[in-house]
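Subject: Structure handover

Hello,

Here is the structure you asked to look at. Please open it alongside this email. My notes follow below.

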Amino acid sequence: MSELNDLYQEVILDHNRRPHNFRVIDPASAKQEGYNPLCGDRLTLYLTLDGNVIKDVAFQGSGCAISKASASLMTDVLKGKSVNEARELFDQFHAMITSNPETPAPDMGKLSVLAGVREYPTRVKCASLAWHTMKAAVAHEGGAPVSTE
């Protein structure tokens, strides 16, 4: 288990230092802000849609390492997915990070590295901020920032 924890920490730190898709898309098909008042994480998510397919996705903002790493990994995974596939990934990811730590985590490819946050309930909101923001963006909710509270 120590090797898995080391990998978890390494991936989180790497994506925090060098987040993928950390930029503004202008113009964007959808733009949504997200905020985690517990940790102070803030991000803006940008999507370029071609019909029902996410052609490009990026984010900007500041936050803890888990929040940034989750957003970075999410943006990598969402490119080329349909909006429905993105919603399904949200459900799977949310179930993974909120499940009992004693239960084996489902295999979600590179997203599986974030399963470790379920052992730290206060960090679940950090990992899920970008995902809740994406869910609002694909629903074209706009308006007020999404909050994890």
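A disulfide is a pair of cysteine sulfur atoms within 2.5 Å. The sulfur of Cys126 is 3.7 Å from the closest cysteine sulfur, in Cys64, so the two are too far apart for a bond. A search of the whole structure finds zero disulfides. Cys64, too, is in no disulfide.

Some ground rules. This is a predicted model, where local features need pLDDT of at least 70 and side-chain atom pairs count only at pLDDT 80 or more, while totals for chains, interfaces and linings use all residues. Residues are numbered from 1 along each chain as its sequence is written, and side-chain values use heavy atoms, with hydrogens and water left out.

Cys64 is buried, at 14% relative accessible area. Cys126 is buried too, at 1%.

Now the overall fold. The protein chain has four helices and four strands. These are DSSP runs, numbered from the N terminus: helices are H or I with at least four residues, strands are E with at least two. Along the sequence the pattern reads α-β-β-β-α-α-α-β. Of the 149 residues in the protein chain, 44% are buried. The C-alpha trace spans about 45 × 30 × 25 Å along its principal axes.

Next, look at helix α4, residues 124–138. The expected span of a helix is 1.5 Å times one less than its number of residues.

Why is α4 described as largely enclosed by the rest of the structure? Because 12 of its 15 residues are buried. Among them are Cys126, Leu129, Trp131 and Met134. What do the buried residues of α4 pack against? The partners are β1 (30–36), β2 (41–50), β3 (53–62), α2 (65–78), α3 (83–98) and β4 (146–147). Contact here means heavy atoms within 4.5 Å. Just after α4, His140 takes a positive phi of about 55°.

Best wishes

Methods. Buried means under 20% relative accessible area, exposed over 50%, partly exposed in between (1.4 Å probe, protein chains only).
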